[in-house]
Structure formats: C-alpha cells, structure tokens
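The following exercises are to be worked through with the sequence and the structure in view. Each task is followed by a solution in steps.

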Amino acid sequence: MMTGEQNINNAAELEFAIFCVESIAQKLGKSASEVYTALTEKSNILNGYIIPEYEVLHTQGREYIVEEILEVMKEQGVKL
C-alpha cells in the first residue's frame with residue numbers, strides 16, 4: 001500500500017496534510033503535534049502515503065480519510 005516517498009509540493013498538499021493531522025488528532029483526542037510526530041518521525045506515513053496518495057485521498061470524505069490513515073498506522077504498528 002505504501003507508495004514512493006514524496007515531499008509536499010504545493011499549498012494544496014500542505015493544506016491537506018494539515019487537515020489530515022488535525023482530523024486524526026481530533027478523532028483520537030490527541031494533540032496535532034503528537035499526530036504529526038507519529039506520521040513523520042515514528043513512521044513515514046506523511047511523505048510515504050498521504051502525500052503520494054493526495055490525488056485520490058483528497059476527493060474522499062473526512063471520515064474515510066481518517067479511517068484510511070488510521071488503518072495504515074495500525075498496519076505499520078504506529079501507536080499514539
């Protein structure tokens with residue numbers, strides 16, 4: 001499921017990354033900084049999954065996006 005690593009290239013991807021981090025934080029009752037650390041330092045989910053899959057993910061609803069990312073975190077053993 002993980003695609004090639006890709007850095008944030010534009011404002012739309014940055015905005016989407018922030019949306020993902022904040023949405024997951026809200027769902028889990030965690031701080032955005034804890035979620036960001038989990039997606040970047042504890043794993044490579046931000047640049048290895050969220051940004052490469054931006055074109056598909058950003059067309060989905062918030063709940064789907066959050067559940068999809070939580071599933072990737074679970075598969076990779078990333079705990080918050």
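**Exercise 1. Determine how many aromatic pairs the model contains, and describe the pair of Phe16 and Tyr54.**

Solution. The model is a predicted one. Rings are paired if their centres lie within 6.5 Å, and by this rule there are two aromatic pairs. In the pair of Phe16 and Tyr54, the centres are 5.4 Å apart and the planes stand at 70 degrees. Because planes over 60 degrees apart count as edge-to-face, this pair is edge-to-face. Phe16 belongs to helix α1 (residues 11-28) and Tyr54 to helix α4 (residues 54-57), so the pair ties together parts that are 38 residues apart in sequence. Both Phe16 and Tyr54 are buried. Finally, ring pairs join Phe16, Phe19 and Tyr54 into a cluster.

**Exercise 2. State whether Leu46 is buried or exposed, and list its contacts beyond its neighbours in sequence.**

Solution. Leu46 is located in helix α3 (residues 45-50). Its relative accessibility is 5%; because buried means under 20%, Leu46 counts as buried. Leaving aside neighbours within four places in sequence, Leu46 contacts Ala17, Tyr36, Leu39, Thr40, Ile51 and Pro52. Of these, Ala17 is 29 residues from Leu46 in sequence, while the C-alpha atoms of the two are 7.4 Å apart in space.

**Exercise 3. Identify which members of the largest nonpolar core touch the most other members, and which elements contribute to this core.**

Solution. The core has 23 residues, and Leu39, Ile45, Ile50, Ile69 and Met73 touch the most other members. Two or more residues come from each of α1, α2 (32-40), α3, α4 and α5 (62-75).

**Exercise 4. Explain why the buried residues of α2 line one face of the helix.**

Solution. The buried residues in α2 are Val35, Ala38 and Leu39. Viewed down the axis of α2, the buried residues fall within an arc of 95 degrees, so they line one face of the helix. An α-helix has 3.6 residues a turn, so residues three or four places apart point the same way. The buried residues of α2 pack against α1, α3 and α5.

**Exercise 5. Describe how α1 and α5 are oriented to each other.**

Solution. The axes of α1 and α5 come within 10 Å and cross at roughly 80 degrees. Since angles of 65 to 115 degrees count as roughly perpendicular, α1 and α5 are therefore roughly perpendicular to each other. Residues making the contact include Phe16, Phe19 and Cys20 of α1 and Ile65, Val66 and Ile69 of α5.

Terms used:
Residues numbered from 1 in each chain as written. Predicted model: local features only at pLDDT ≥ 70, side-chain atom pairs only at ≥ 80, totals over all residues. Heavy atoms only, no water. Helix = DSSP H or I, 4+ residues; strand = E, 2+ residues; numbered from the N terminus. Buried < 20%, exposed > 50% of the residue type's maximum accessible area, 1.4 Å probe, protein only. Contact = heavy atoms within 4.5 Å. Phe/Tyr/Trp six-rings, centres within 6.5 Å; stacked < 30°, edge-to-face > 60°. Core = buried A, V, L, I, M, F, W, Y, C linked by side-chain atoms within 4.5 Å. Arc of directions from axis to C-beta. Axes fitted to C-alpha atoms, helices over the stretch in contact; angles between N-to-C directions. Parallel < 35°, antiparallel > 145°, perpendicular 65-115°, else oblique.
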